Amino acid sequence: MSTATLRGPSPNYDYLQAEHYRITGPAVPSTAKLARDSVRAALAVTGHPRLIDPARVCVSDAVAHVLPLMSGSALTVDVTVNRSRVIITVGDEDTDSRSSRRTMRREMDTAPGLRLLCRLTYAAGVTRTWRRPGIGTSVWFELRDTGPVRR
């Protein structure tokens, strides 16, 4: 018999050292341009110029997918940036992870508006949150400086 000491869980330093930005606007089509321009600025300032063009395309697709499904009046774009990757979430202002259903990449490939987003990203998904008076929807995706999973 031997004795071992377990270390506690280590913190996720990528998340702790990441920079977080939130852009909020009305749930109208013109907010897509505000979202694209804001994401471009965040990526330029944080040193990810190679990710600007794919991020802008993906944000446009995400906004176009989320707007018709929204139950709230405000659209949010959350941008989390660290050294090697960027995670962007576009959705209802109050979308959270409680009582939600997630759709992953292979299911998103069948949605006409999300095929390009799936091709450009490292990982992606759709989250639907059940709440009153409706269903909150968000599209998230991850871009890495190393490129997409598939070309």
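For reference, a disulfide here is a pair of cysteine sulfur atoms within 2.5 Å. Across the whole structure, the search finds zero disulfides.

Before going on, this is a predicted model: local features need pLDDT of at least 70, side-chain atom pairs count only at pLDDT 80 or more, and totals for chains, interfaces and linings use all residues. Residues are numbered from 1 along each chain as its sequence is written, and side-chain values use heavy atoms, with hydrogens and water left out.

Buried means under 20% relative accessible area, exposed over 50%, and partly exposed in between, with a 1.4 Å probe and protein chains only.

Now to strand β2, residues 74–81. Six of its eight residues are buried, so β2 is largely enclosed by the rest of the structure. Strands are DSSP runs of E, at least two residues, numbered from the N terminus.

Which strands pair with β2? Strand β1, residues 19–26, runs antiparallel to β2 and is joined to it by eight bridges; there, Pro26 stands opposite Ala74. Strand β3, residues 85–92, is also antiparallel to β2, over seven bridges, with Thr80 opposite Ile87. Pairing requires at least two DSSP bridges between the strands. Three residues separate β2 from β3, and the two form a hairpin.

Technical notes. Helices (H or I, at least four residues) and strands (E, at least two) are DSSP runs, numbered from the N terminus.
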